Amino acid sequence: KNMVSQFPSAALDLKPAILKALKAREKAASGATAQMLKNYKREVKLRRKYFNQLQELKGNIRVYCRVRPLIYRDKGSEVCVKFPKDADDMSMVVRNEEGQAVSYEFEQIFRLDSTQDKVFKEVSGLVTSVVDGYNVCIFAYGQTGSGKTYTMQGNKENPGIYYRAIQHLFDVCKERANVKFDVRLSLLEIYNDKIQDLISSKQDLDKKLVPRENRNGNIEVPGLTIRNIDTIEDVRKAMALGVKNRSVGETKMNKDSSRSHLILTIYCEGQDTMSRNSSFGKLHLIDLAGSERLSRSGATGQSKVEAQEINKSLSALGNCIAARANKKDHVPYRDSVLTRILQDSLAKNSKTLMFVQISPSISDYAESTNSLKFAARVKEVELGKATKSVKKRRSAKSPKKR
């Protein structure tokens, strides 16, 4: 504009035309930039779509990361996690106090302000698979206080995956009017490497429950209480009893720290009244105990023993993950009760999803980094494409000719 104002008077008549041309060029440049950004976002979405399809074909364990918001015990602490401006970019950078940064990328990353609704939206498709006859496992991993229990169980106002998944399962079953479904539930904890039945009518702590492989190659626990459920209220009652019986204790990381792994399993058997085909799907929902180092938890006495058993079982899980990722011939599932029960979900024919939960506080940097490194190894595990457990009705044999 300054250049135009200095033109000779003979050229002043061209001023409006020149200004118009400059504005048009500026608008065109702005439009081109917007189009480039739009194309970039489309490419990111397509890349994610094709990556997820490839993971489905390979049967990789899916890994989602959820970063909990800052809470009371983080008061005054810096945030060590940084996200890109583009919400569709599933990457993040974690920095320590010295400024050293490491970048991580997962199939889904839920930021500090993510809601329970948003989280479950990315999980609902897997739950539907259970009704179709697939085995599905969803488990949460991370240090004590990282938000595992909130993601999996939630609270009355904001229920977690447990309740949302089962309600979704009931809804899908109801939609399939020509299929008669039988839905059942079991709830157990693994405490000091031993299985405790949390919904048994009579708590028998001396009752020995051992996971075994049945003739179909699936892992089951003979003697474990399995209840029929028809409504979400049935689930709430079972959970209330189970949580009451669950082992908890106080540590430096959390006032009410879970000292055991909690496993809620839903069994969904369907019988098609028209085709007479039957299906069987199983859903494991697992809230693992905290993965922090013993020195960090400050556990002593019996709590120290519990923490050692927790770390031992999580180490066994890490060893199985490493063996599967490296395609080893032998995977040490029998090294702990946890890995033995999870053998179905880690070995074959299952759709498995892991939530790695981390704290955004820089004071938890070391524990968060350990969890993220573990999650990065998990996503390399290929289970092979999952198949349905469906039995087709045998056709009647034709009578023999005489």
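Colleague: How much space lies in the largest pocket?
Modeller: The model is a predicted one. In the largest pocket, the space comes to about 790 Å³.

Colleague: Which element gives the most to the lining of the largest pocket?
Modeller: The lining holds 33 residues, and Asn214, Asn216, Asn218, Phe280 and Lys282 are those nearest the pocket centre. At least two lining residues come from each of β7, β10 (219-220), β14 (261-272), β15 (278-287) and β17 (390-391). The element that gives the most, with five residues, is β15.

Colleague: Which residues line the second largest cavity, and how do they divide by class?
Modeller: The lining consists of Ile190, Tyr191, Asn192, Asp193, Arg259, Ser260, His261, Glu309, Ile310 and Ser313. By class, these are three nonpolar, four polar and three charged residues.

Colleague: In the open sheet of three strands, which strands stand at the edges, and why is one side of each left without a neighbour?
Modeller: The strand order is β2-β3-β4, with antiparallel pairing. Each edge strand has a single partner, so one side of it has no neighbour in the sheet. The edge strands are β2 (81-82) and β4 (101-105).

Colleague: Which residue of β3 does Lys82 stand opposite?
Modeller: Two bridges join β2 to β3 (residues 91-95) in the antiparallel sense. In β3, the residue opposite Lys82 is Val93.

Colleague: What angle does the direction of helix α12 make with that of β3?
Modeller: Helix α12 (residues 365-378) packs on the sheet and touches both β3 and β4. Its direction and that of β3 make an angle of about 145°.

Colleague: How many residues apart in sequence are the parts that the pair of Tyr64 and Phe110 ties together?
Modeller: The whole structure has five aromatic pairs. Tyr64 and Phe110 form one that is edge-to-face, with 6.0 Å centre to centre and 70° between the planes. Tyr64 belongs to strand β1 (residues 62-67) and Phe110 to strand β5 (residues 108-110), so the parts tied together are apart in sequence by 46 residues.

Technical notes. Residues numbered from 1 in each chain as written. Predicted model: local features only at pLDDT ≥ 70, side-chain atom pairs only at ≥ 80, totals over all residues. Heavy atoms only, no water. 1 Å grid on protein atoms, 1.4 Å probe; cavity = no way out; pocket = protein on both sides within 12 Å on 5 of 7 lines; lining within 4 Å. Nonpolar A, V, L, I, M, F, W, Y, C, P; charged D, E, K, R; others polar. Pairing = 2+ DSSP bridges. Helix = DSSP H or I, 4+ residues; strand = E, 2+ residues; numbered from the N terminus. Contact = heavy atoms within 4.5 Å. Axes fitted to C-alpha atoms, helices over the stretch in contact; angles between N-to-C directions. Phe/Tyr/Trp six-rings, centres within 6.5 Å; stacked < 30°, edge-to-face > 60°. Points joined across faces, edges and corners; volume = space filled by probe spheres on them.
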